[in-house]
Amino acid sequence: MSRDLPIIKVDQTFELAQAVVDGVDISGHWNRMFSDRSVTEYPTEAMDWVTSLDGGESLRDCYQCGKCVPVCPVNHVGDYGPRKLNAKVLRGNNLLDDPDLWLCTTCGNCYRVCPKEVNPLRIMPAIREQAVLEGKVPDELSEAFRNLQKSGNPHGHSPRKRADWIAGADVPVPLISELGRPVDVLWYVSDYTSYHARGQDAARAMARILTALEVDFAILGNEERSDADSARLAGETGLFEMLAEKNIESFRKYEFKRLVVMDPHAYNAFRNFYPKLGWEGEVLHYTQFLAPLIDRIEFRSRVELDVTYHDPCYLGRNNDEFDAPRRLLEAIPGVRLTEMPHNKANGYCCGGGGGGMWLDGFVADHVSERLSERRVREAVATVGADGTGVLSVACPYEPSRFEDAVKSTGNDGRIVVRDIVELIDQAMQPPAH
Ligand code: SF4
Ligand code: SF4
């Protein structure tokens, strides 16, 4: 087309008033696609910066279709989703000073449905890492990072106390350093299972189950450090690598056939990230380890409970294990299992992932309700509120997290939260009279 013909500017688009191409008249708006477009009102620096980060690239690919919006758990309690983040960055906000940077739990539900594979599991840690480098981290999260740095766990407890929970287990729990021989299973107990009172209940139940099954197992005790997967997702890559180095050192020191972990985040870290750091081995979540063995367990009572199961994002959606926990629950005498509307790949996030475990106060200022509270309401609606209902879990973050939500939603005494191993252990005991 000739450039000498008159040009009309329409918004950001230029069109030729008269144009004929190969005998076809494409005057006016018909030839907009042929003209150079000059877009001057949108700064590109913020998007260029995000996409220059390792992991940030896919944010640019969003084409605002909106599929991610209804599945984002944070959008259920606010206004959120990758579409909004993309639009903010396109308008020149690099997110470093924006509270939205910390609201994503990296649950992955948007990535599951996004036609353009926009991936917050990589985008958020990439931007957050820069926020960490610039010291722009919410206070609660900074404290968890400091504790991890100093003590190897987010609670700030002494590493020497990591195996203190053994005292109440009623069965021997061997430390691998004291056994002096190879074992079949190295049991990675994890932070909340080691230190938090409700986590310790699950640890003791697991110890009794392993003993009943005559599994040849041992733990690392005070040689165990946090898997720090949530710190990585919250932007502290350096801390993740430092703690991984210590765990890998311990894994290499001892001989074992497989690693069995309580925490889906540990499972994610050991399975998907430790190989890049030089350690590779068989890793099983405890539900995967126990599911093939469940027929060997001698159950001595029926529990008679209406149970629903919460899929942890980093066992289910992000690592594809949906069946093993359900196989365990269905094998427990007296369990009546009912699914919540959000289940399996579309499971609703508890709000604890991606650093959310240490951002509760911060997040609460930006949402109408905690994700854990919303999930508890869904569980109550599914199994009823007559006191026989159970919200069952398979992640050490969740007993305390959901029990707080049971209280804050006014459901105390109407539903209980139990790790799957606690339910198995309960049915292994003789009936209470
Ligand atoms: S689903 Fe993907 S492409 Fe569609 S709006 Fe969300 S991030 Fe953008
Ligand atoms: S990863 Fe989860 S929380 Fe984050 S934007 Fe996607 S759906 Fe929302």
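In which sense do strand 7 and strand 8 pair, and over how many bridges?

Modeller: Happy to! Please keep in mind that this is a predicted model. Strand 7 (residues 256-261) and strand 8 (residues 282-285) pair in the parallel sense, over 4 bridges. One residue pair to look up in your viewer is Leu259 with Val283, its bridge partner in strand 8. Strand 7 also pairs with strand 5 (residues 183-188), in the parallel sense and over 5 bridges. There, Val183 has Phe256 of strand 7 as its bridge partner. So much for the strands.

Now to the helices, with helix 18 as our guide. Helix 18 spans residues 398-408 and packs with helix 17 (residues 371-383) at an angle of about 75°, the two axes lying 8 Å apart. Because angles of 65 to 115 degrees count as roughly perpendicular, helix 17 is described as roughly perpendicular to helix 18. On the helix 17 side, Ser372, Glu373 and Val376 make the contact, while helix 18 brings Arg401, Phe402, Asp404, Ala405, Val406 and Ser408. Sorted by class, this contact of helix 17 with helix 18 holds 4 nonpolar, 2 polar and 3 charged residues.

Helix 18 has a contact with helix 10 (residues 197-212) as well. Here the axes come within 7 Å and cross at roughly 130°, and helix 10 and helix 18 are therefore oblique to each other. The crossing of helix 10 past helix 18 is right-handed. If you select the residues that meet, you will have Arg198, Gly199 and Ala202 from helix 10, and Pro399, Ser400 and Glu403 from helix 18. That contact of helix 10 with helix 18 divides into 2 nonpolar, 2 polar and 2 charged residues.

Finally, let us turn to ligand 1. Its shell is made up of 15 residues, and the closest are Cys62, Cys65, Cys68, Arg83 and Cys114. Helix 4 (residues 82-90) supplies the largest share of this shell, with 3 residues. By class, the shell around ligand 1 contains 9 nonpolar, 3 polar and 3 charged residues. One caution when you read that tally: Cys counts as nonpolar here, so the cysteines listed among the closest residues belong to the nonpolar group.

Methods: Residues are numbered from 1 along each chain as its sequence is written. Chains are lettered from A and ligands numbered from 1 in the order in which they are written. This is a predicted model: local features need pLDDT of at least 70, side-chain atom pairs count only at pLDDT 80 or more; totals for chains, interfaces and linings use all residues. A residue is near a molecule or strand if its C-beta atom, placed from the backbone, lies within 6 Å of it. Helices (H or I, at least four residues) and strands (E, at least two) are DSSP runs, numbered from the N terminus. Axes are lines fitted to C-alpha atoms, for helices over the stretch in contact, and angles run from 0 to 180 degrees between N-to-C directions. Angles under 35 degrees count as roughly parallel, over 145 as roughly antiparallel, 65 to 115 as roughly perpendicular and the rest as oblique. Two residues are in contact if their C-beta atoms, placed from the backbone, lie within 7 Å. A crossing is left-handed if the near helix is turned anticlockwise from the far one by less than a right angle, and right-handed if clockwise. Two strands pair if DSSP finds at least two bridges between them.
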